Amino acid sequence: MQAEYIQIGEIVKPQGIRGEVKLRAMTSDMGRYARLETVYLRRGGAYEARRVEKGRANDGFAYLKLEGVQSRDDAEALRGIEVYVDRAHAIELGEDENFVCDLIGLEAVDTQGNAVGRLTDVLTPNSVCDVYVFSTPRGEMMMPALRRVVKGVDLAAGRMLLDAQALAEVAVWEDESAPQDDD
């Protein structure tokens with residue numbers, strides 16, 4: 001089942017003295033923060049709607065001025081709070097794109113019918129490609145999220161299809177030692 005809310009950031013600290021907050025941004029569209037009208041702050045499992053008075057992005061961070069947050073102390077009280085949008089206001093995805101929150105928990109199988117494991121995390125170490133982390137019977141396995149490896153994603157069925165041969169070439173298992181240099 002798809003989540004109703006999609007995380008777009010986490011408040012890391014106050015910004016200035018007038019109640020603006022700084023967010024660790026979690027989106028591929030940094031311009032979206034300037035267009036936000038409403039966000040949802042997650043507190044104890046509940047989502048609280050807050051109107052956005054002003055939003056901006058700079059150097060990989062987002063900055064929001066939220067209704068009712070008037071001082072540095074008000075902003076400090078929000079440190080560590082996760083910031084979401086509802087699915088209706090999420091960014092438009094391209095073909096073959098999915099939100100990370102929808103991928104987490106998918107069961108992966110390969111093209112030979114073998115169960116691989118459950119997707120537990122998606123890392124974004126650079127702008128080239130994400131890294132999928134799976135929990136498998138053999139232990140943790142990581143692989144780059146490449147089209148030649150990921151042959152299909154079926155969110156309704158909760159499954160991801162991986163090319164067996166390509167997976168064998170790129171997968172990194174926690175029980176494998178790194179190759180040693182011959183210096």
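Reader: Why does E53 count as partly exposed?

Author: This is a predicted model, and every value here is computed from it. E53 has a relative accessibility of 38%.

Reader: What makes E53 and K65 a salt bridge?

Author: The closest N and O atoms of E53 and K65 are 3.5 Å apart. The cut-off is within 4 Å, so the pair counts as a salt bridge. E53 is in strand β4 (residues 46-58) and K65 in strand β5 (residues 61-66), 12 residues apart, and the pair links distant parts of the chain. The two also belong to a network of salt bridges that links R51, E53, K65 and E67.

Reader: Why is K65 called buried?

Author: The relative accessible area of K65 is 14%. Buried means under 20%, so K65 is buried.

Reader: How do you know that R87 and D102 form a salt bridge?

Author: Their closest N and O atoms are 2.8 Å apart, and the limit is within 4 Å. R87 lies in the loop between β6 and α3 (100-103), and D102 lies in helix α3, so the pair ties together parts that are 15 residues apart in sequence.

Reader: Which classes of accessibility do R87 and D102 fall into?

Author: R87 has 23% relative accessibility and counts as partly exposed. D102, at 10%, counts as buried.

Reader: What makes R35 exposed, and how is D29 classed?

Author: R35 has 53% relative accessibility; exposed means over 50%, so R35 counts as exposed. D29, with a relative accessible area of 24%, is partly exposed. The side chains of D29 and R35 meet in a salt bridge at 2.5 Å, N to O. In total, the structure holds 13 salt bridges.

Reader: How do you know that D86 has no salt bridge?

Author: The nearest side chain of opposite charge to D86 is R32, 8.1 Å away. A salt bridge needs a distance within 4 Å, so D86, although buried, has none. D86 is in strand β6 (residues 82-86).

Reader: What makes the pair of D86 and H89 a polar contact?

Author: The side chains of D86 and H89 come to 2.6 Å in this contact, and the limit for a polar contact is within 3.5 Å. Leaving aside residues up to four places away in sequence, D86 touches E4, Y5 and Y40.

Reader: Why is A108 called buried?

Author: A108 has a relative accessible area of 1%, and buried means under 20%, so A108 is buried. A108 is in strand β7 (residues 107-110). Beyond residues up to four places away in sequence, A108 touches N114, A115, V116, G117, F134, M160 and L162. By contrast, the C-alpha atoms of A108 and R18, 90 residues apart along the chain, are separated by 48 Å.

Reader: What makes β11 and β13 edge strands?

Author: The open sheet has seven strands in the order β11-β12-β7-β8-β9-β10-β13, with mixed pairing. β11 (150-154) and β13 (172-173) each have a single partner strand, so one side of each is left without a neighbour in the sheet.

Reader: How do you know that β10 and β13 pair?

Author: Strand β10 (residues 139-144) and β13 share two bridges, in the antiparallel sense. Pairing requires at least two, so these strands pair. In β13, V172 is the bridge partner of M142.

Key
Residues are numbered from 1 along each chain as its sequence is written. This is a predicted model: local features need pLDDT of at least 70, side-chain atom pairs count only at pLDDT 80 or more; totals for chains, interfaces and linings use all residues. Side-chain values use heavy atoms; hydrogens and water are left out. Helices (H or I, at least four residues) and strands (E, at least two) are DSSP runs, numbered from the N terminus. Buried means under 20% relative accessible area, exposed over 50%, partly exposed in between (1.4 Å probe, protein chains only). Lys and Arg count as positive and Asp and Glu as negative; His and the chain ends are not counted. A polar contact is a pair of N or O atoms within 3.5 Å; within protein, one must be able to donate a hydrogen and the other to accept it, and residues adjacent in sequence count only if both atoms are side-chain atoms. Contact means heavy atoms within 4.5 Å.
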